[in-house]
Amino acid sequence: WYSTQTVAFTLLAVAKFMGDRDDEPFSYRYAINGEGAKNIDPDKPIVQHELTFAGDNKVEITNNSGQTVFARITNTGVPLTSDQVDQENDLRMTLKYLAMNGNPLNVSRLEQGMDFMAEVTVRHPGTRYRYEEMALIQIFPSGWEIRNLRMDLNTAISVGDEPEYQDIRDDRVLTYFDLGSGKSKTFRVVLNAAYLGRYYLPSVHCGAMYDDDISAYKAGQWVEVVAGGE
């Protein structure tokens, strides 16, 4: 698993090598469902086309030159809620939601204005070496607000173990840390049920940034914020 710096320097080297070559131009032909075929003779090494699909479609590409042409189709949209399965690979992870008094809390239905905590504990099973450059990714539904306790110097709330670095954004908290063999760490995020409505809570993911064989997931779920007394 290559680091960001390794990939960057490799791409720079490849770019310089390819930039010195004076290759012949390339051309190609493409059609969608066999209709509206277009011949393309670009003057740049990368060309992008916006395609409109409706249902099942077939894209046909014909290389009309002696050059190698690489084709890629990228789709954008709203992902399906397919992350509703727990999974662990050489890493143990537990996820709890707690009231501010520490009692367990069911977050599927919360009263508006309520403060609560998300508590994640990750444990090294002790079967491998020390895990370094671990990343815990928690994305929260838009109906919940993250309480950034760095801005509340008078709080007495315990947020668990000290991470190596933590990035607190509008809708997510990214926590980075190392984990010794057989050791565990606990991290807490304080939240507020701010906006009425029904929202999707994405899965929680933790893993080694440079070894994808070390990872754990906790399934996502639908949650609701309701007015008090409902």
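Author: We will take the features one at a time, general idea before case.
Author: This is a predicted model: local features need pLDDT of at least 70, side-chain atom pairs count only at pLDDT 80 or more, and totals for chains, interfaces and linings use all residues. Residues are numbered from 1 along each chain as its sequence is written, and side-chain values use heavy atoms, with hydrogens and water left out.

Reader: Let me start with strands. In what order do the four strands of the open sheet stand?

Author: Strands (E, at least two residues) are DSSP runs, numbered from the N terminus. Two strands pair if DSSP finds at least two bridges between them. Here the order is β5-β7-β12-β9, and the pairing is antiparallel. β5 and β9 are the edges: each has a single partner strand, so one side of each is left without a neighbour in the sheet. Neighbouring strands are turned by 30 degrees against each other on average, direction ignored. For that angle, axes are lines fitted to C-alpha atoms, and angles run from 0 to 180 degrees between N-to-C directions.

Reader: How many bridges join β5 to β7, and how many join β7 to β12?

Author: Eight bridges join β5 (residues 92-99) to β7. Nine join β7 to β12. Look at some partners. Lys-96 has Glu-119 of β7 as its bridge partner. Thr-94 stands opposite Thr-121 in β7. Val-122 stands opposite Lys-185 in β12.

Reader: Is a residue buried or exposed, and how is that decided?

Author: Buried means under 20% relative accessible area, exposed over 50%, and partly exposed in between (1.4 Å probe, protein chains only). Take β7, residues 115-123: seven of its nine residues are buried, so the strand is largely enclosed by the rest of the structure. Lys-218, in strand β15 (residues 211-218), is buried too, with a relative accessible area of 16%.

Reader: What does the side chain of Lys-218 reach?

Author: A polar contact is a pair of N or O atoms within 3.5 Å; within protein, one must be able to donate a hydrogen and the other to accept it, and residues adjacent in sequence count only if both atoms are side-chain atoms. The Lys-218 side chain reaches the backbone oxygen of Met-93 at 3.1 Å.

Reader: Now Arg-147. Where is its place?

Author: Arg-147 is in the loop between β9 (144-146) and β10 (165-168). At 28% relative accessibility, it counts as partly exposed. A polar contact of 3.0 Å joins its side chain to that of Asp-115. Contact in general means heavy atoms within 4.5 Å. Leaving out residues up to four places away in sequence, Arg-147 touches Asp-115, Asp-152, Ile-157, Val-190 and Leu-191.

Reader: How many aromatic pairs does a search of the whole structure find?

Author: Rings of Phe, Tyr and Trp (its six-membered ring) pair if their centres lie within 6.5 Å; planes under 30 degrees apart count as stacked, over 60 as edge-to-face and the rest as tilted. The search finds eight pairs. One of them, Phe-26 with Tyr-28, is stacked: 6.2 Å centre to centre, 10 degrees between the planes. Phe-177 and Phe-187 are tilted, at 4.9 Å and 45 degrees. Phe-177 lies in β11 (residues 172-179) and Phe-187 in β12 (residues 184-193), so this pair ties together parts 10 residues apart in sequence. Both Phe-177 and Phe-187 are buried.
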